[in-house]
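Please keep the sequence and the picture open beside the text while reading the numbered points.

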Amino acid sequence: MAIKVLIVDDSKLARIVAAKALGTLQPEWDRVEAGNADEALARLAGGGIDVALLDYNMPGRDGLVLATEIRALYPDMPIAIITANAQDEVIERARAANAAFVMKPVTTESLRAFVSGAALRLRSAAR
Amino acid sequence: MTPPELLLTELELDALTELVNIGVSNAATSLRKMLREEVLLSVPAIEIANHAKAATLISQREGDHLVAVRQAFTGALNGRALLIFPEANGLELVRAVTGEYVSPQEAAAMEDEALAETGNVILNSCLSSMANMLRRSLTMSLPQVVRGEGTELLRTAEGREAGLVLFFYINFVARDRSIRGYIAMLMDLPSLSALKLLVTDFIERVMGDDFGQDG
């Protein structure tokens, strides 16, 4: 079954850009989108999500809070926090939630390391 | 007041907000280095308003005793960016940035100069990242320290305050210090069609095929 990625960002444009970069790197992966944390959790509860890309600065709960919530539910899911806010504390909190840090604006280059790592982890978990 | 969605499409507004959001996140990263404390940001608020309304919005949230570092930008986009604090916070920021290097008396004496320099770093980091994403250059004026209420902060020498502006507003607070403030950005709207073109170009580029290679 194809790997399914959840893209969470309040900006539709940012979701499109992330989806496009992802599509270039892993054209066969499926993509679903959510505009905020609650929508994201509802999508996850629906099942079938393998990877999560989370914007940091969103109305309501931010991406780091959401990452912690997702991590509690899915201990092994590859998660990335996407932001131009590269403060040490933000990077540390991403690390504490065992999430990767990806700089905005998202490009295939900035996303490549995370996506390769996620693909590797999912392959070895499936074995 | 005109709702922004009457003048710009949802996706154009979304793109502009995302540009500002990335710019401000870069600015917070710079401020973090200067304060050595984490800086928390709000989600940008956006409105289309005239200057009087924008000034009222600033004063409503912060009161009348404000100090701001203001920089005008011209080029692909025209407008002003402001770093605004409650006046009592200005000296606190200078102390936080200069740290142990200067005495409290020296910090007070150099308050305006230090504010201008701090504002310059923060606003430039915001504006230059936006310019890079738009692939256009923006010319930034020298930073100016202004004091007073909202109207004073927005008054320009050229008297450009007649028209409508796209008004972005983000508040920030340092996690461990009593420093809080606001980044406000006003983009002039005399040429909405030029702005729409620029945003359309940006949207096409980030969604287009070449973005992954050179973006």
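1. A residue is called buried here if 20 or more other C-beta atoms lie within 10 Å of its own, exposed if 12 or fewer do, and partly exposed in between. With that in hand, one can say that 43% of the 215 residues of chain B count as buried. Please bear in mind throughout that this is a predicted model.

2. The overall make-up of chain B comes next. Its secondary structure comes to eight helices and eight strands. Among the contacts in chain B with a separation of 6 or more, 70% are accounted for by residues 24 or more positions apart.

3. Eight of its eleven residues are buried, so E7(B) is largely enclosed by the rest of the structure. The next point lists strands with which E7(B) is paired.

4. Strand E8 of chain B, residues 180-188, runs antiparallel to E7(B) and is joined to it by nine bridges; within this pairing, B:Leu166 has B:Met187 of E8(B) as its bridge partner. Strand E2 of chain B, residues 45-50, is also antiparallel to E7(B), and six bridges join the two, with B:Asn50 standing opposite B:Leu164 of E7(B). E1(B) pairs with E7(B) in the antiparallel sense as well, over three bridges, and here B:Leu41 stands opposite B:Phe172.

5. If neighbours within four places in sequence are left aside, B:Val173 is in contact with B:Leu40 and B:Arg180. For a sense of distance, B:Val173 and B:Leu192 are 19 residues apart in sequence, while their C-alpha atoms are 33 Å apart in space.

6. On the two sides, 23 residues of chain B are in contact with 24 residues of chain A. Helix H1 (10-35), strand E1 (39-41), helix H7 (192-207) and helix H8 (211-214) of chain B each supply at least two residues of the side that touches chain A, and H1(B) gives the most, with twelve residues. By kind, the residues on this side of chain B divide into twelve nonpolar, seven polar and four charged.

7. How do two helices of chain A lie against each other? The axes of helix H2 (residues 37-45) and helix H3 (residues 63-73) of chain A come within 10 Å and cross at roughly 20°. Angles under 35 degrees count as roughly parallel, which means that H2(A) is described as roughly parallel to H3(A). The contact is made by A:Ala37, A:Ala40, A:Leu41 and A:Leu44 of H2(A) together with A:Val65, A:Leu66, A:Glu69 and A:Ile70 of H3(A), and these residues divide into seven nonpolar, no polar and one charged. The crossing of H2(A) past H3(A) is right-handed.

8. A:Lys104 and A:Pro105 are joined by a cis peptide bond, with omega about -5°, and A:Pro105 has its place in the loop between E5 and helix H5 (108-126) of chain A. A:Asn98 has a positive phi, near 55°, although this residue is not glycine; A:Asn98 lies in the loop between helix H4 (88-96) and E5 of chain A. In chain B, B:Arg36 also has a positive phi, of about 60°, without being a glycine, and B:Arg36 lies in the loop between H1 and E1 of chain B. B:Arg36 is partly exposed, because 13 other C-beta atoms lie within 10 Å, and A:Asn98 is partly exposed with 14 C-beta neighbours inside 10 Å.

How values were computed. Residues numbered from 1 in each chain as written. Chains lettered and ligands numbered in written order. Predicted model: local features only at pLDDT ≥ 70, side-chain atom pairs only at ≥ 80, totals over all residues. Axes fitted to C-alpha atoms, helices over the stretch in contact; angles between N-to-C directions. Helix = DSSP H or I, 4+ residues; strand = E, 2+ residues; numbered from the N terminus. Parallel < 35°, antiparallel > 145°, perpendicular 65-115°, else oblique. Left-handed = near helix turned anticlockwise from the far one by under 90°. Contact = placed C-beta atoms within 7 Å. Nonpolar A, V, L, I, M, F, W, Y, C, P; charged D, E, K, R; others polar. Pairing = 2+ DSSP bridges.
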